[in-house]
Amino acid sequence: MPTPSLAALPIRPLTHRDLTACADLSEDRGWPREEHKWGFLLTAGKGYGIDDPEGGLVSACVVTEYGSLGRPDLGAIGMVLVAERHARRGIGRRLMRHVISAMGTTPLTLHATPNGRPLYEELGFKTTGRAEMLRGHFRPGPSAAGVATRPATAEDLTAILRLDEEVFGADRTHIITRLPAFTDQLRVAEVSGRIVGYAGAWPNMDTQVVGPLIARDTETAKALIASLAAHTDRPLRTDIDVRHEELLAWVKERGLGSVAFNAVMTYGIAELPGDWTRRFAPLTVAAG
């Protein structure tokens, strides 16, 4: 039997059963396997992939939808990967066009590396912001005055969901309700009995990723990061909107170094919804 051409290979939905193949694809491209993150994205979002007749995946990506079920307000595209042996043959473009078509009129967003940005621009995505990835061992310093943090409890869920939708600009209930199981830590910032911020830290290879990070102001964001760092021995990693200059300077003073910059891009909307002034870091750039 002749091997079918790549253009003829069907694009199919991915499920949690494809976790190992997705992690293998990450490793093939020199990325960490990130099985914990892949598992989360494949269950909370929609995966798309192309099977390789010789085994494994030719390509994969995940879309995380936000808003009403069946009528999302926003879709975040992430983990767009093509196997090295099939790179530079138009497969990523084909997969992206399929996803854009499948999402219909739903506005889209993604975080693009410098290498991926030209493809997304060709497909109609516009750069609307930038995020800086940072990593390192956090060095503690003076705590933020007047900002108390504590572990989140089940009783906090309603307040967290209300705050998150207000700041993010779309309903993320299916994401937020998964955080207690996905994260190693989930903490809230509280002032006069009112929750004014929350943050998670989840395991990714040898680091703890700080995200999501929602806070009423920079001092609250600092307090949440410091409290998460105090409860782990691992290096921290996070992606901070570059407009939060004070927070970026502070985490660098505390030992985190710049790793890379990604372009925040949108399709179908001029800018992301919500309040960026209180949105400091995403759960993961793969989920917007």
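Keep in mind that the model is predicted.

**Exercise 1. Classify the ring pair of Tyr66 and Phe168, and find where its two partners lie.**

Solution. 
- Step 1: Start with the total. The structure holds six aromatic pairs.
- Step 2: Look at the geometry. The ring centres of Tyr66 and Phe168 are 4.9 Å apart and the planes meet at 70°. Planes over 60 degrees apart count as edge-to-face, so this pair is edge-to-face.
- Step 3: Tyr66 belongs to strand E3 (residues 57-68) and Phe168 to helix H5 (residues 157-168), so the pair links distant parts of the chain, 102 residues apart.
- Step 4: Check the burial. Buried means under 20% relative accessible area. Tyr66 has a relative accessibility of 1%, so Tyr66 is buried. Phe168, at 6%, is buried as well.

**Exercise 2. Describe the surroundings of Arg172.**

Solution. 
- Step 1: Locate Arg172 in the loop between H5 and helix H6 (173-176).
- Step 2: Arg172 has a relative accessibility of 4%, so this residue counts as buried.
- Step 3: Follow the side chain. The charged end of Arg172 sits over the ring of Phe168, 4.0 Å from its centre. The side chains of Arg172 and Asp164 are joined by a polar contact of 2.6 Å.
- Step 4: List the contacts. Leaving out residues up to four places away in sequence, Arg172 touches Tyr66, Asp164, Tyr198, Pro212 and Ile214.
- Step 5: The charged end of Arg243 sits over the ring of Trp276, 4.1 Å from its centre.

**Exercise 3. Which residues touch the most other members of the largest nonpolar core?**

Solution. 
- Step 1: In soluble globular proteins, nonpolar side chains tend to be buried together.
- Step 2: The largest nonpolar core has 37 residues, and Trp38, Tyr66 and Tyr198 touch the most other members. Helix H2 (residues 35-44) gives the most to this core, with five residues.
- Step 3: Zoom in on Trp38. Not counting residues up to four places away in sequence, its contacts include Leu19, Cys22, Val62, Met79 and Leu81.
- Step 4: Apart from this core lies another, of 26 residues, among them Ala199, Val210, Leu236 and Ile240.

**Exercise 4. Is Met79 buried or exposed, and which residues does it touch?**

Solution. 
- Step 1: Find Met79 in strand E4 (residues 71-82).
- Step 2: Its relative accessibility is 6%, so Met79 counts as buried.
- Step 3: Beyond residues up to four places away in sequence, Met79 touches several others, including Trp31, Trp38, Leu41, Ala60 and Ala286.
- Step 4: Compare sequence and space. Met79 and Pro13 are 66 residues apart in sequence, and their C-alpha atoms are 14 Å apart.

Conventions. Residues numbered from 1 in each chain as written. Predicted model: local features only at pLDDT ≥ 70, side-chain atom pairs only at ≥ 80, totals over all residues. Heavy atoms only, no water. Helix = DSSP H or I, 4+ residues; strand = E, 2+ residues; numbered from the N terminus. Buried < 20%, exposed > 50% of the residue type's maximum accessible area, 1.4 Å probe, protein only. Contact = heavy atoms within 4.5 Å. Phe/Tyr/Trp six-rings, centres within 6.5 Å; stacked < 30°, edge-to-face > 60°. Lys NZ or Arg CZ within 6 Å of the ring centre and 35° of its normal. Polar contact = N/O pair within 3.5 Å; in protein donor to acceptor, adjacent residues only side chain to side chain. Core = buried A, V, L, I, M, F, W, Y, C linked by side-chain atoms within 4.5 Å.
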